[in-house]
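Thanks for coming, everyone. Let me put the structure up, and then we'll walk through the interface and the sheets.

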2 protein chains.
Amino acid sequence: MGKQMTEMLKGTLEGIVLALLTGKAAYGYEITTLLREQGFTEIAEGTVYALLVRIEQKGLVDVEKRPSEKGPPRKVYTLNTQGEKELNEFWNTWSFLSGRIEELRKEGK
Amino acid sequence: MGKQMTEMLKGTLEGIVLALLTGKAAYGYEITTLLREQGFTEIAEGTVYALLVRIEQKGLVDVEKRPSEKGPPRKVYTLNTQGEKELNEFWNTWSFLSGRIEELRKEGK
DNA sequence: TACCGGTACCTAGTTCTACTATGTAGTGGT
DNA sequence: ACCACTACATAGTAGAACTAGGTACCGGTA
């Protein structure tokens with residue numbers, strides 16, 4: 001992965017995953033696949049699992065274990081109220097930052 | 001500073017500073033002030049100086065020392081060819097990421 | 001039976017970047 | 001003599017993504 005992208009994902013990847021979970025529960029492997037389909041082709045699998053552990057420990061998601069037809073049991077993550085709150089703050093922070101940056105771009109800077 | 005913003009600045013602050021330097025040389029204290037005026041009120045001064053050391057070592061800027069009327073000599077930074085190239089890559093990376101994220105927002109996710 | 005690919009999860013150690021906290025200096029005003 | 005403002009610098013810390021593995025379940029096939 002490009003070094004720039006790696007650094008830029010810090011602080012945004014968590015928001016991206018929370019956004020993916022909005023209105024639709026998902027498990028780790030599925031989330032990794034989803035991210036890859038959305039163009040984040042180089043996201044490391046380990047990164048996603050580590051992030052999921054983190055947001056679970058922060059209490060942003062609820063977890064349920066479900067059997068799989070094709071392999072080991074899945075850990076299905078659902079956004080809870082606190083997660084929605086965090087996602088909301090993410091959008092606020094993102095709006096501010098992207099607003100500032102787009103301003104710089106417009107100024108031809 | 002909010003923890004979210006701190007993390008989100010990783011990878012973007014460098015681009016922001018390079019953008020600020022486009023077409024206008026500037027010194028550290030000035031850049032800090034500029035950032036604060038643009039709404040990044042809580043950027044730590046030390047963060048800016050550390051970043052400037054970094055981009056100088058990466059060879060993205062040229063540096064010139066100029067006397068100041070009001071204090072110690074200033075280190076004036078100018079974007080060079082390699083810096084312009086890096087800034088260009090920054091805009092590409094940024095465009096991709098913000099495109100993906102805005103897509104998620106549109107989907108109500 | 002043995003192997004392999006796909007599914008599924010997990011983690012120790014590394015790297016990079018922003019922050020905290022603090023220090024050093026020059027200048028002008030009181 | 002002191003203080004505020006200007007101006008630069010850095011050692012140590014925290015947080016997040018990556019590297020580079022490992023474990024385990026299942027079906028197909030040689």
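Let's start where the chains meet. 33 residues of chain B are in contact with 33 residues of chain A, contact being heavy atoms within 4.5 Å.

Ground rules, quickly. This is a predicted model, where local features need pLDDT of at least 70, side-chain atom pairs count only at pLDDT 80 or more, and totals for chains, interfaces and linings use all residues. Residues are numbered from 1 along each chain as its sequence is written, chains are lettered from A and ligands numbered from 1 in the order in which they are written, and side-chain values use heavy atoms, with hydrogens and water left out.

Back to the interface. How much area is buried between chain B and chain A? About 3,500 Å², with carbon and sulfur atoms giving 69% of that. Buried area here is the accessible area (1.4 Å probe) that two parts lose on being put together, summed over both.

Now the polar side. Between chain B and chain A, the count of salt bridges is zero. A salt bridge is a side-chain nitrogen of Lys or Arg within 4 Å of a carboxyl oxygen of Asp or Glu. Polar contacts do occur: 10 residue pairs between chain B and chain A, both residues at pLDDT 80 or more. For those, we need a pair of N or O atoms within 3.5 Å; within protein, one must be able to donate a hydrogen and the other to accept it, and residues adjacent in sequence count only if both atoms are side-chain atoms.

Which elements give two or more residues to the side of chain B that touches chain A? They are α1 (3-9), α2 (13-20) and α5 (81-106) of chain B. α5(B) gives the most, with 16 residues. By type, that side of chain B divides into 15 nonpolar, 10 polar and eight charged residues. Ala, Val, Leu, Ile, Met, Phe, Trp, Tyr, Cys and Pro count as nonpolar, Asp, Glu, Lys and Arg as charged, and the others, Gly among them, as polar.

The same surface serves both: 100% of the contact residues of chain B recur in chain A.

On to the sheets. Chain A has an open sheet of three strands, ordered β1-β3-β2, with antiparallel pairing. β1 and β2 of chain A are the edge strands, each pairing on one side only. Helices (H or I, at least four residues) and strands (E, at least two) are DSSP runs, numbered from the N terminus, and two strands pair if DSSP finds at least two bridges between them.

Two bridges join β1 (residues 26-27) to β3 (residues 74-79) in chain A. There, A:Ala26 stands opposite A:Tyr77. Six bridges join β2 (residues 61-66) of chain A to β3(A). A:Lys65 partners A:Lys75, and A:Arg66 partners A:Arg74.

Chain B also has an open three-stranded sheet in the order β1-β3-β2. In β3(B), B:Val76 sits opposite B:Tyr27.

Last, salt bridges. One is A:Glu14 with A:Lys58, at 3.1 Å, N to O. A:Glu14 lies in α2 (residues 13-20) and A:Lys58 in the loop between α4 (45-57) and β2 of chain A, so the pair ties together parts 44 residues apart in sequence.
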